[in-house]
Structures are given as C-alpha cells and as structure tokens.
Amino acid sequence: MSDTDSDDEYLVQRIVERDADAFARLYDRHADLVYSVALRVLADPSLAQDTAQDVFLRLWRTPAAYDPARGRFVSWLVSVARNRAVDEVRMRGRRRVREIGEDVGVEDPPDARAEDPQLAVQVQADRIAVRRALAQLPEDQRLALELAYFSGLTQQEIAERLQQPLGTIKTRTRLAMRKLRVALSAEVETPYPV
Amino acid sequence: MNSEHVEDLVDLEAVGALSPEESAFLRAHVADCARCRASLDEAEATAARLALLSPMHRAPSELRGRVMAEVQRSGASAPLALPGAARTPTPLMRFNRKWGAMAAMLFLLPLGGLLGWNFLLQTEVNDLKQESRQIQETQRDVVLLALPTTVRARFTPTQDAGTAQGTVSWNPDVGQCQVVVRGLPVEEGVSYRVFYQGMRGVVDAGELRPDESGGAALTFDVKKWQGAEYQVWVAALRPGTEQATALLQAELRRQ
C-alpha cells in the first residue's frame, strides 16, 4: 500500500470524526478524477458536476460505506462515481453512446492537477499500463468491455446494438475482464493516481 | 452457487453487467464466502482502473463551493454516532470533568427548583409533540393503504428469513412506499434495512427497528420512482460487515 493509500484511509477516519478539513483534502485530491469519470459516462458537464457532488456528499454523510479491508479508497470512490453516473444515464433514458474510439490515439492532455509532477507521472504510467493491457485484447472483447463500463447500456442493449446474442456479449465482457485482471496484476504496481 | 460459477460472475458484476437479480444473488453469496469476496474485490479494483481511460478534466471550481457549503450546512463538528467512533476520555479530560461537575453543582443548587419545574414543562411539551408526530404518521399510513391506486405485494422469504414475513405497498400518486414486517429476529447488534432497486440501482431506503415482537414498519419517499417495476428487499446487517443478507424480497409493478 502506498503512502497515499494510507493517507486516504486516515482522512476517511477523520471524516468519521466530522473533520471538514480532512474531507476537503480528500476532495482536492480526487475531485478531478471523479468528475472526469462522470463526464466520460454522461458526456454532459452539468450532469457530471451533479454526479460528482452526490458522490462526495455521500462520502461525507456515510464514510463508513468505504471498507479499507476491501480495497483502496480511490478504487471505491471511482466505482461509486461510475455507478452513480450509469444510474443517471439509465434513469434519464439516455442512450448516448460515445464512440469508444474517440479517445484512442488522442494524446492525453497534461494531467489537470499538475501541482505534484511526480503524481502526474504516476497517473500517466498507470494509464499507459491499462491501455497496454486493453490493446492485447481482441477487438470485440475490448469493445464489449468498454461499452459495459462506460456507456450505461445494459448487456441486453449492448447485444442489440452490436447485433450479437446476449450470451456472446456476456462471454466477451467476462473474458475481457479476466484477461485484464491477469495483465494488470502482472504490471509493476504503481501508486494509484491521487 | 459454487465458487467456479461465482468466478464467472464477479467479472461481470465489477462492470455492472449482471442483472439486478444476478447481482443480488452474487452479493448474498459473497457475504458468506471470503474467497469469493476477495475475488470480487480484485475484479472491482481492476474495473476501477478502467476509469483511467477517461480524459482528465479539472473539476469546476463552483463544484467545490457547492460541496463544501453543504458540508458546512450539515454540521462539520459533531462526530457521527457510529459504533466505536466515540472518543475515549483522556486523563486530563476526566480531571477537568470532575472539578467542573462540582462547580456546576454549587451553582445550580439554589436554582434547582426553578430548573426542575422548567424541565417538567419541557418534557410534557416534548411528549405532546411526539404524540402529534405519531398521529400524523398513522394518518399518512392509513391514507397510503386506502388509496385505490396503491400497489401491494407480499414479501417472498429467502432461506435466511426464518420467521420473518411482511408486505410492501407503493402508491405512485403519493410517491410513498411502505414496508410492514413481522417476525424479524431480534438479535444483538443486528440491524435491518430496506433496499430497493429499479432503474437507478440498489438504494438504501432506511432502517427497520423491530419491537419486542419483531414487528417493524418503514415508510419512505419514492417520488423519484419513474419506472413500472421495482424490487424491494428487507436485509439484515451484521456487526463488522458492510454486506447485507437478504431476508425478504418483493416485486412491485405499477398498475
């Protein structure tokens, strides 16, 4: 566990004690990532703001929802953000599906939070590792996985959109995740972005 | 559900690719299986790394203002009433408390009579307020059940239900849902909560507080329910775990 992970857990404990400064530190550390994930799913800055606000207020109101024994804080936070955004997509009946290829091949802008250049390098390194792992997947598995994670579509809807049987889509998604788990576990572990 | 089957499901669950029923079934299994829970945790951590594919943007500055304003409004000072969250008094705190208590007694004795009378009056006012709230809640519940557009379903017990049973009622016009259960086991440290799942995923609707006989009721706001079908669960939460064990399940369909 990195120093940042330990610090995250400490700050969450401080939030239990209603330490607003600790909450503010966690917010400043992770707000960009939470907002970016929500924006990626929702493709709407206003909705992404609302979602990010919900996520952080949930953290403030129920910090005990995060269990350190189950994984890193930032993984939990990102999962909450992504799930909240997907819920929003489904509730609104929005089926806007961004072309996954929009983001591929475009050079990433400099990390928005450049206060800590070392962290920015770590973010970039981790991002490269994920992209490398995804690039090793067959195209159909990669597409199924990214649609499952980012689009807000159900598996049935993805199957209809790709004109494939539901079972095929589920198999592709499952195999893609399984291979991703193996590939990323083999990568040299770098501290998660903060 | 065997562990091999679970391995197939955890990867799908981590990216939200399971149906609500499959997800609830899996979550119920991993609540009791440490190995499968670890596998799910690993899958979810992997899925979270997919988030790095998101182009990074700076969160709007006004977002911070909104969040912090709500934090301040909700009270940043009072510690959450969580088990184990209370502070252990330090020796200095205990010393100060002792002398402080003695000083307070000397000051209050001459005023004791007046304060006691005020306390009795305030207690009576609080009792009347409580009674008024209970009457209003009863009236609201009766109205909810009496409306012709109310949808009602009987809970189906799971294998963990024991003697628990009950019903759930939903009125789309009023925008309220009511859960009434009985036979909940009253166990030390175990709490009961109501969850529902519709288009927005699993949502915690609130806590059920059983009385001595194991009966409990909860009415919660569902004005945001826009769909036609919702699943409602009653689940038990045991100490030391965030996983809920489903006891009762029902499906509501709008007429």
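Guide: Contact means heavy atoms within 4.5 Å. By that rule, 58 residues of chain B are in contact with 68 residues of chain A. This is a predicted model, in which local features need pLDDT of at least 70, side-chain atom pairs count only at pLDDT 80 or more, and totals for chains, interfaces and linings use all residues. Residues are numbered from 1 along each chain as its sequence is written, chains are lettered from A and ligands numbered from 1 in the order in which they are written, and side-chain values use heavy atoms, with hydrogens and water left out.

Visitor: What is the area buried between chain B and chain A?

Guide: The size of an interface is often given as the accessible area lost when the parts come together. Buried area is that loss (1.4 Å probe), summed over both parts. Here the area is about 5,800 Å², and carbon and sulfur atoms give 57% of it. Arg49(B), Leu52(B) and Met56(B) supply 14% of the area that chain B buries against chain A, more than any other three residues.

Visitor: How many salt bridges are there between chain B and chain A?

Guide: A salt bridge is a side-chain nitrogen of Lys or Arg within 4 Å of a carboxyl oxygen of Asp or Glu. The count between these chains is 11. One salt bridge joins the side chains of Arg178(A) and Asp8(B), at 3.8 Å from N to O.

Definitions and conventions:
Buried area is the accessible area (1.4 Å probe) that two parts lose on being put together, summed over both.
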